[in-house]
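Subject: Structure handover

Hello,

Here is the structure you will be working with. My notes on it follow below.

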Amino acid sequence: MIKGGEMTAEQVLQLHFEGFNRALTQQDYDALERIYSERYMLVLPDGSVLNKRQILKDLREQGLRIHSIELEDAAVRVVDSVAILTAASKTVQSRNGKESHSHFRLVAVYGQEGGAIRLVHFQSTMIVEKEAA
C-alpha cells in the first residue's frame, strides 16, 4: 500500500500494475483485501454490480480465476484525493476451468483513505472489434 503525501499518477499506476493486477493474477486475496476500499463497487459490462465482499467471494470460492491482464493506453488523472485511471485491457480468465478472453475499456477510481490509496470503483465496457470494410 502506498502511504503518505499527495497521491501521484505514478503511485496509482504502480499500485494498479504491481499491486492490483499482480494480486488478481497471483490469487493474492490478502493484498486485494487491502487494495479494495470498504466502499468498493465493481460495475460489470452487463450492468451488474458487486461490492468488495461479493467480488472477493467470487474470486475465492466461486471458480473465477484471472490468468493474465494486458493494459494498453493507461492514463491517470489526479484530482485532489481521487485518481481516475482509464485503459484498454485484454484479459484471460476462467471460471471453473472454462477459459475466456475479454477486451474492454476500464475506469478505475482510486481514493486516499486512512493514509493509503485504495480502489474505490471499477467499471468496464466491452470493446467490440470492428470488422475490416
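**Helix α1**

Helix α1 covers residues 9-25, 17 residues in total. At 1.5 Å a residue it should span 24 Å, and its end C-alpha atoms are 23 Å apart, which agrees. The expected span here is 1.5 Å times one less than the number of residues. Helices (H or I, at least four residues) and strands (E, at least two) are DSSP runs, numbered from the N terminus.

Some ground rules. This is a predicted model, in which local features need pLDDT of at least 70 and side-chain atom pairs count only at pLDDT 80 or more, while totals for chains, interfaces and linings use all residues. Residues are numbered from 1 along each chain as its sequence is written, and side-chain values use heavy atoms, with hydrogens and water left out.

Back to α1. The helix bends by about 30° at H16. That bend is the angle between axes fitted to the seven residues ending there and the seven starting there. Buried residues in α1 include Q11, V12, L15, H16, G19 and F20. N21, A23, L24 and T25 are buried too. Buried means under 20% relative accessible area, exposed over 50%, and partly exposed in between (1.4 Å probe, protein chains only).

**The sheet**

Six strands form an open sheet, in the order β2-β1-β6-β5-β4-β3. The pairing is mixed. β2 (49-51) and β3 (64-79) stand at the edges, each with a single partner strand, so one side of each has no neighbour in the sheet. From one strand to the next, the twist averages 20°. Two strands count as paired if DSSP finds at least two bridges between them.

Strand β1 (residues 36-43) pairs with strand β6 (residues 116-126) in the parallel sense, over four bridges. Y36 stands opposite L119 in β6. L42 has F122 of β6 as its bridge partner. β1 and β2 run antiparallel and are joined by three bridges. M41 has N51 in β2 as its bridge partner. The hairpin of β1 and β2 has five residues between the strands, and G47 there takes a positive phi near 90°.

**Helices against the sheet**

α1 lies across β1, β3, β4 (82-95), β5 (98-113) and β6. It runs at about 170° to β3. Helix α3 (residues 52-61) lies across β1, β2, β3 and β4, at about 75° to β1. Axes are lines fitted to C-alpha atoms, for helices over the stretch in contact, and angles run from 0 to 180 degrees between N-to-C directions. Contact means heavy atoms within 4.5 Å.

**The core**

The largest nonpolar core has 30 residues. F20, L32, Y36, Y110, L119 and F122 touch the most other members. Two or more residues each come from α1, α2, β1, α3, β3, β4, β5 and β6. The largest share, five residues, comes from α1. A nonpolar core is a set of buried Ala, Val, Leu, Ile, Met, Phe, Trp, Tyr and Cys residues joined through side-chain atoms within 4.5 Å.

Which residues does F20 touch, not counting residues up to four places away in sequence? They are L15, L32, I35, Y36, Y110, L119 and F122.

**Individual residues**

- H103 is in strand β5. At 16% relative accessibility, H103 counts as buried. H103 touches E72, A88, S89, K90, M126, I127 and E129, not counting residues up to four places away in sequence.
- Q27 follows α1 and sits in the loop between α1 and α2 (29-35). Phi of Q27 is positive, near 55°, in a residue other than glycine. Q27 is partly exposed, with a relative accessible area of 35%.
- D73 is in strand β3. D73 is not a glycine, yet has a positive phi of about 55°. At 62% relative accessibility, D73 counts as exposed.
- G114 is in the loop between β5 and β6. At 84% relative accessibility, G114 counts as exposed. The C-alpha atoms of G114 and V49 are separated by 25 Å, and the two residues lie 65 residues apart along the chain.

Best regards
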